[in-house]
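Here are some friendly notes to read alongside the model. Keep the picture open and find each part as you go.

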Amino acid sequence: MDTSKRPVIAEGPSMAISEKDFIRLVSFVKSKYGIDLTQKKQLVTSRLSSTVKNLGYQNFTQYVDFLLSKGSGDDINQLLSRLTTNYTYFMREVESFDYFVNRILPDLVRRHERDKCLSIWSAACSSGEEPYNVSMYIMDYLGSRAAQWDTRLLASDISLDALAKAKRGVYELPDSIPQNWKRNYFKPAGGKNFEVAPQIKNNVIFKQFNLMDPIQFKRKFDVIFCRNVMIYFDQPTKSALARRMFDATVPGGYLIISKAENLPPDTPYTRVAASIFQKR
């Protein structure tokens, strides 16, 4: 759910937003979804002006009034899709994946030798590259034993548009993808595109989820990937989310964030490597 990662191309002249309407909209987005847009007035106006006009509103006041009083799921999804850029890619911050394969997976396989069931969550999965990537690492690590294990991942995002793309699983692959992965875990999908192979696609369960909501899944997690999300939250929001994730992590489990992020000083996790934390 990266915001401000790419330059914004304005679609015609931006519609002006008053300070009052900006504050109302920013407060709504922050309270509901944790995204802090306080310093991003230009981004808000440039990305939402065309939406406001296309919906037939004369000004931002009418649009904000509608969102705050009657906005439906579709209206909110459109708002979030315009305000956030779901920018991600395969093999992102490969150092974290190296630690996952070399340190975390051996630990988890030892712990789950009896039940043969891993519990991993890709929070804010965007367009799906991360959970598919994790699945490929797991399949490679387990090799011929993979069929004996339940390795299904939960992958969530707040954006229905991002989840729709993730479920399709069709991508233009970067050069960083290993050639054996390209052969084993993808199939040609026309042009430069490749589709994630069924054994990887079926290993990921996608679900819409707002990280501001209580985390009440059936099982606690061995590993939570929550990368490039908290950089857009203020300190109290980060602290509250870290506590909720800590409670949703099994003892000895891990939280993996991005190199651009830091957990608040009051986090209950213990740092074990760059961007890697453990519930000890």
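1. Let us start with a word about words. A residue is called buried under 20% relative accessible area, exposed over 50%, and partly exposed in between, using a 1.4 Å probe and protein chains only. Helices (H or I, at least four residues) and strands (E, at least two) are DSSP runs, numbered from the N terminus. With that in hand, look at helix α3: the face turned away from its buried side carries the exposed residues S69 and K70.

2. Please keep the origin of the model in mind. This is a predicted model, in which local features need pLDDT of at least 70 and side-chain atom pairs count only at pLDDT 80 or more, while totals for chains, interfaces and linings use all residues. Residues are numbered from 1 along each chain as its sequence is written, and side-chain values use heavy atoms, with hydrogens and water left out.

3. Which residues of α3 are buried? They are F60, Y63, V64 and L67. Viewed down the axis of α3, the buried residues fall within an arc of 95° (the arc of the directions from the helix axis to the C-beta atoms), so they line one face of the helix.

4. At the start of α3, look for N59: one of its side-chain oxygens comes to within 3.2 Å of the backbone nitrogen of T61.

5. Next, the charged pairs. A salt bridge here is a side-chain nitrogen of Lys or Arg within 4 Å of a carboxyl oxygen of Asp or Glu. By this rule the model has 11 salt bridges. One of them pairs R24 with D65, with the closest N and O atoms 2.9 Å apart. R24 lies in helix α1 (residues 19-33) and D65 in helix α3 (residues 60-70), so the pair ties together parts that are 41 residues apart in sequence. R24 is partly exposed at 23% relative accessible area, and D65 is partly exposed at 38%.

6. R111 forms a salt bridge with D107, and their closest N and O atoms are 2.8 Å apart. Both belong to helix α5, four residues apart, which puts about one helical turn between them. D107 is buried, at 15% relative accessible area, whereas R111 is partly exposed, at 35%. The other pair is D150 with R152, at 2.9 Å between the closest N and O atoms. D150 has 24% relative accessibility and counts as partly exposed. Salt bridges that share partners also join D21, R24 and D65 into one network.

7. On to the sheets. Two strands pair if DSSP finds at least two bridges between them. Seven strands form an open sheet with mixed pairing, in the order β6-β2-β1-β7-β8-β10-β9.

8. Strand β8 (residues 249-256) and strand β10 (residues 276-278) run antiparallel and are joined by three bridges. L255 stands opposite F277 in β10. Helix α5 (residues 94-111) lies across β1 (120-122), β7 (221-225), β8, β9 and β10 and runs at about 165° to β8. Axes are lines fitted to C-alpha atoms, for helices over the stretch in contact, and angles run from 0 to 180 degrees between N-to-C directions.

9. There is another sheet to find: three strands form an open, antiparallel sheet in the order β3-β5-β4. Its edge strands, β3 (170-172) and β4 (186-188), each pair on one side only. β4 pairs with strand β5 (residues 193-196) over three bridges, and the bridge partner of P188 in β5 is F194.

Technical notes:
Contact means heavy atoms within 4.5 Å. A polar contact is a pair of N or O atoms within 3.5 Å; within protein, one must be able to donate a hydrogen and the other to accept it, and residues adjacent in sequence count only if both atoms are side-chain atoms.
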